[in-house]
Amino acid sequence: MIRKILTWPDPELKKKSAAVVVINDRIRELARDMAETMYDAPGIGLAAPQLGVHQRVIVIDISGKEEPPDLIVAINPVIVHAEGESYEEEGCLSVIKYAANVRRHASVVVKALTLEGEEKTYRAEELLAVAFQHEIDHLDGILFVDHLSPLKREIFKRKQRRLAEAD
Ligand code: NI
């Protein structure tokens with residue numbers, strides 16, 4: 001089922017998510033809905049709090065339009081190693097009509113549980129590394145716009161206010 005994606009400045013997006021204790025039917029249904037909602041949007045990643053569910057679950061699929069789907073469902077993901085620097089443009093399904101370059105690590109190692117409850121290690125670079133960092137941030141109530149300089153943040157807020165007024 002496609003669920004509604006919360007958008008900035010919804011306070012639900014600022015809350016920290018809790019670790020998943022048991023992978024039950026509710027979590028499996030959540031992961032299914034998250035993937036469906038992400039593909040429908042379309043986007044390359046989604047975190048549970050974007051649907052108003054404060055559980056540490058993310059979904060990512062960075063495969064291109066011409067490639068077969070390659071869905072990652074990561075439960076309780078943790079970055080255990082990070083290195084290098086990247087400064088690529090990011091957008092977010094929770095931030096309407098805005099993109100900006102964000103400083104991230106160029107490569108990360110992420111440990112997470114699969115839907116089957118098995119521990120899995122992901123060695124991610126480039127776009128996948130950025131996606132993991134972006135989605136794990138969501139679990140801690142952090143949006144990519146929170147990484148902007150104070151000046152850029154002000155410009156972002158002004159733009160969003162103007163968009164809201166135009167509605
Ligand atoms: Ni996002």
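Here are some notes on the structure above, point by point.

1. **Ground rules.** This is a predicted model, in which local features need pLDDT of at least 70 and side-chain atom pairs count only at pLDDT 80 or more, while totals for chains, interfaces and linings use all residues. Numbering starts from 1 along each chain as its sequence is written, and side-chain values use heavy atoms, with hydrogens and water left out.

2. **The nickel site.** Three side chains coordinate the nickel ion: Cys92 through SG, His134 through NE2 and His138 through NE2, at 2.1 to 2.3 Å. Donors here are N, O and S atoms within 2.8 Å of the metal (3.2 Å for Na, K and Ca), and as water is not among the atoms, sites may look incomplete. The donor spacing in sequence reads C-x41-H-x3-H. Cys92 in strand β4 and His138 in helix α2 are 46 residues apart, so this pair links distant parts of the chain. Helices (H or I, at least four residues) and strands (E, at least two) are DSSP runs, numbered from the N terminus.

3. The cut-offs are under 20% relative accessible area for buried, over 50% for exposed and partly exposed in between (1.4 Å probe, protein chains only).

4. **Helix α2.** From first C-alpha to last, the 14 residues of α2 reach 21 Å, close to the 20 Å expected at 1.5 Å a residue. That expected span is 1.5 Å times one less than the number of residues. The helix is mostly covered, with 12 of its 14 residues buried; among them are Phe132, His134, Ile136 and His138. Glu126, also in α2, is exposed at 63% relative accessibility. Its phi is near 50°, a positive value in a residue other than glycine. Just after the helix, Gly141 has a positive phi of about 75°.

5. **The largest pocket.** This pocket holds about 290 Å³ of space. Of its 15 lining residues, Ile44, Glu90, Gly91, Cys92 and His134 are the closest to its centre. The elements giving two or more residues to the lining are β4 (86-92) and α2 (126-139). By class the lining has 7 nonpolar, 4 polar and 4 charged residues. For the terms: on a 1 Å grid over the protein atoms alone, a cavity is a set of points where a 1.4 Å probe fits but cannot get out, and a pocket is an open set with protein on both sides within 12 Å along at least five of seven lines; lining residues have an atom within 4 Å of a point. Grid points are joined across faces, edges and corners, and a volume is the space filled by probe spheres set on the points. Ala, Val, Leu, Ile, Met, Phe, Trp, Tyr, Cys and Pro count as nonpolar, Asp, Glu, Lys and Arg as charged, and the others, Gly among them, as polar.

6. **The second largest pocket.** The volume here is about 200 Å³. Its lining includes Thr7, Trp8, Lys97, Arg161 and Asp167. The lining divides into 5 nonpolar, 3 polar and 3 charged residues. Lys97 sits in strand β5 and is exposed, with a relative accessible area of 67%. Its phi is near 50°, which is positive in a residue other than glycine.

7. **Strand pairing.** Two strands pair if DSSP finds at least two bridges between them. β2 (residues 57-60) runs antiparallel to β3 (residues 72-83) over 4 bridges, with Ile58 opposite Ala74. β3 also pairs with β6 (residues 107-113), antiparallel over 6 bridges, and there Glu83 stands opposite Ser107. β4 and β5 are antiparallel too, joined by 6 bridges and connected by a hairpin through 2 residues. In that pair, Glu90 stands opposite Ala100.

8. **Loops and cis bonds.** Asp70 lies in the loop between β2 and β3 and is exposed at 51% relative accessible area. Where are the cis peptide bonds? One runs from Trp8 to Pro9, with omega near 5°, and Pro9 belongs to the segment before α1 (25-40). Another runs from Ala41 to Pro42, with omega near -10°; Pro42 is in the loop between α1 and β1 (45-47).
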